[in-house]
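Colleague: Could you walk me through this model, one feature at a time? I would like the general idea and then the case at hand.

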Amino acid sequence: MNTWIILGIILVIILGLFGLYNGLVRKRNAAEQMFAQIDVELQRRNDLVPNLVNTVKGYAAHEKELLESVTKARQQLIHLPDSASNKEKLAKSDELSGALGRLLAVSESYPDLKANQNFLQLQEELTNTENRISGSRQSYNRAVMQYNQSLETVPQNFIASLFNFKPMTYHEAPQEARNVPNVQF
């Protein structure tokens with residue numbers, strides 16, 4: 001009789017360990033899925049950029065350096081190796097966001113461009129895509145937080161260290177986004 005009780009306790013412990021392990025795997029996969037959603041939105045943005053650049057080229061030919069910086073940032077993001085880390089992908093994405101922001105700011109100087117229906121549609125799609133990227137990044141950070149908390153709390157931390165689960169990194173805004181802009185009137 002005592003043998004059955006001991007075997008039952010061992011079985012409950014083993015099932016509990018399986019549950020803890022599977023919970024960590026689910027949280028890690030959720031965070032990775034959230035990052036994949038960021039990738040989807042980045043690809044959508046990358047698809048919009050050439051159309052936007054070509055539209056602006058016709059109106060702002062002397063803004064060649066700015067147009068080239070947008071194109072270069074897009075190319076660097078597209079041609080990242082598959083082995084690139086999430087942090088590297090997000091850094092290149094932030095570079096493209098900055099270049100696009102400068103491009104859209106320059107467009108304010110061109111009334112004909114601002115009235116161009118194609119440009120307005122592309123600008124709206126790009127803005128919506130940037131908003132979705134921002135939302136995806138927030139979801140990713142939330143999923144990373146939940147996963148990382150699981151790695152640090154008892155009893156999951158024992159399972160995490162036993163099976164070599166590693167903390168994931170958050171997406172952080174680049175330093176230039178943290179600087180307070182100098183506004184003069």
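Colleague: Where is the place of serine 150?

Modeller: Helices here are DSSP runs of H or I with at least four residues, strands are runs of E with at least two, and both are numbered from the N terminus. Serine 150 sits in helix α5, residues 117-152. This is a predicted model, in which local features need pLDDT of at least 70 and side-chain atom pairs count only at pLDDT 80 or more, while totals for chains, interfaces and linings use all residues. Residues are numbered from 1 along each chain as its sequence is written, and side-chain values use heavy atoms, with hydrogens and water left out.

Colleague: Does serine 150 count as buried or exposed?

Modeller: Buried means under 20% relative accessible area, exposed over 50%, and partly exposed in between, with a 1.4 Å probe and protein chains only. Serine 150 has 4% relative accessibility, so it counts as buried.

Colleague: Which side chain does serine 150 join in a polar contact?

Modeller: A polar contact is a pair of N or O atoms within 3.5 Å; within protein, one must be able to donate a hydrogen and the other to accept it, and residues adjacent in sequence count only if both atoms are side-chain atoms. Here the side chains of serine 150 and lysine 27 are joined by one of 2.7 Å. Contact in general means heavy atoms within 4.5 Å. Leaving aside neighbours within four places in sequence, serine 150 is in contact with Leu24, Lys27, Gln156 and Asn157.

Colleague: How many aromatic pairs does the structure hold?

Modeller: Rings of Phe, Tyr and Trp (its six-membered ring) pair if their centres lie within 6.5 Å; planes under 30 degrees apart count as stacked, over 60 as edge-to-face and the rest as tilted. The structure holds 3 such pairs. In one of them, tyrosine 21 and phenylalanine 163 have ring centres 4.9 Å apart and planes at 65°, so the pair is edge-to-face. Tyrosine 21 belongs to helix α1 (residues 2-59) and phenylalanine 163 to the loop between α6 (156-162) and α7 (175-178), so the pair ties together parts that are 142 residues apart in sequence. Tyrosine 21 is partly exposed at 30%, and phenylalanine 163 is partly exposed at 47%.

Colleague: What about phenylalanine 35 and tyrosine 140?

Modeller: Their ring centres are 5.5 Å apart with planes at 65°, so this pair is edge-to-face. Phenylalanine 35 lies in helix α1 and tyrosine 140 in helix α5, so parts that are 105 residues apart in sequence are tied together. Phenylalanine 35 is buried, with a relative accessible area of 3%, and tyrosine 140 is buried, with 1%.

Colleague: Now the backbone: which residues does a cis peptide bond join?

Modeller: Most residues other than glycine have a negative phi, and most peptide bonds are trans. Valine 154 and proline 155 are joined by a cis bond, with omega about 5°. Proline 155 is in the loop between α5 and α6. Asparagine 164, in the loop between α6 and α7, has a positive phi, near 60°.

Colleague: And how many residues are in the largest nonpolar core?

Modeller: A nonpolar core is a set of buried Ala, Val, Leu, Ile, Met, Phe, Trp, Tyr and Cys residues joined through side-chain atoms within 4.5 Å. The largest has 18 residues, and Val49, Leu96 and Leu126 are among those with the most contacts inside it. The elements giving two or more residues to this core are α1, α2 (64-78), α3 (86-107) and α5. Apart from it lies another core, of 17 residues, including Phe35, Ile38, Val144 and Met168.
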